[in-house]
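Reader: Can you walk me through the ring contacts in this one? I'm new to this.

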Amino acid sequence: MSIRFRRSIGLGKGIRLNINKHSMGLSAGVPGVRYSVNTSGRRYRSIGIPGTGLYSITQSGGRPSRRRTSGGRRSVSEVTAPPTTITPELAEQVIPRPGLFASSAERRFRDGFVAYLQQNWDVAANAFELAVAADTRNLSDDFFLGATYTRLKRYTDAVPIMERVVASHQTLPDALMQKYVPGMIEMRLPITERVTVSVAFDSVGASLVLAELYQELGRREQAIGVLQRLRRMLPDDDAVRLSLADLLYDDGDFKGLIELTQGVESRDDVTLATLHLRARALAKEQLVGPAIEELSVCLRRTAHRDPELLKEIRYNRAEAYELAGEPKKAKADWTKLVAADPFYRDARKRLGAS
């Protein structure tokens, strides 16, 4: 986990001027992904999503790292900022303290959030429970209580709390969250087995967490309903679309999945995973040729893509080639797969049989 604090001035259109005692810089982006550059020459890419955890920061430029690898000094582009551990002392320092006349609910919320940053889930849950019991105005304490229960795997307890947050006419972040939760902190939420996304501590994040909770408890129809409503609100959100596509596949609604993913282009791991699901749905509908085309699109761009996801895609394409009666093309894929990973599933056996 990594976290930074600085003075930040909004310049409009998502651009901010960032100032600290060592440098000054500009940053731009959207929730979940931001790019920054400062006067020291360093460039940062920060990535985060809703549910559990904080985001990571990748650094390049500026002075190279002094650490060496077996191959010599790292190139500048390989330098990665090490994660910052959220110690009890650091959490206490960076989170504002309640004022003299703060309510007991506000004080308990602040205690809970500090414990949440320290990953002390039992203490956080107790503090947020006290805050919720004493507070009727804010949603922040409910949200974090649900998020903490999720971390404790108390899914049944988390669901009614997140339902209350999602159903509320209030929106997040509310005044309490704005006061105590730094805006750059985001959650990490697993969408599929391979893909985890970053979401903000807000009403959209609560909806995504609720959908994942429903799925965890086997309440698939309710999870799909939440995501369908969320998609109507955010039709271009890649994480929402992937989460819904994953549920539709598990539900056997392959036609709905194919319609949902029409026109998606591979830009990152999230969209790559979406196209992979589309190809699998096409195969389930006995549309092997179109499935092969989609899988081939997935494999055209491999830079900066999850290698495990790419292996799975190549495996599926080899299977599809065999179904299509194209053994030479299937063998080519089995060969590449075994070369990349000799022990990947049964690829070596399939290669020997081809």
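Reader: Is Tyr116 buried or exposed?
Author: Tyr116 is buried, with a relative accessible area of 3%. Buried means under 20% relative accessible area, exposed over 50%, and partly exposed in between (1.4 Å probe, protein chains only). This is a predicted model: local features need pLDDT of at least 70, side-chain atom pairs count only at pLDDT 80 or more, and totals for chains, interfaces and linings use all residues. Residues are numbered from 1 along each chain as its sequence is written, and side-chain values use heavy atoms, without hydrogens and water.

Reader: How many aromatic pairs are there?
Author: Eleven. Rings of Phe, Tyr and Trp (its six-membered ring) pair if their centres lie within 6.5 Å; planes under 30 degrees apart count as stacked, over 60 as edge-to-face and the rest as tilted.

Reader: What about Phe109 and Phe144?
Author: They are edge-to-face, 5.8 Å centre to centre, with 70 degrees between the planes. Phe109 is in helix H2 (residues 104-117) and Phe144 in helix H4 (residues 140-151), so the pair ties together parts 35 residues apart in sequence. Helices (H or I, at least four residues) are DSSP runs, numbered from the N terminus.

Reader: And how far apart are the ring centres of Tyr116 and Phe144?
Author: 5.5 Å, with the planes at 80 degrees, so that pair is edge-to-face. Phe144 is buried, at 0% relative accessible area.

Reader: New topic. Which ring does the charged end of Arg345 sit over?
Author: The ring of Tyr315, 3.8 Å from its centre. That counts if NZ of Lys or CZ of Arg is within 6 Å of the ring centre and within 35 degrees of the ring normal. Arg280 lies over the face of Tyr249, 4.3 Å from the ring centre.

Methods. Helices (H or I, at least four residues) and strands (E, at least two) are DSSP runs, numbered from the N terminus.
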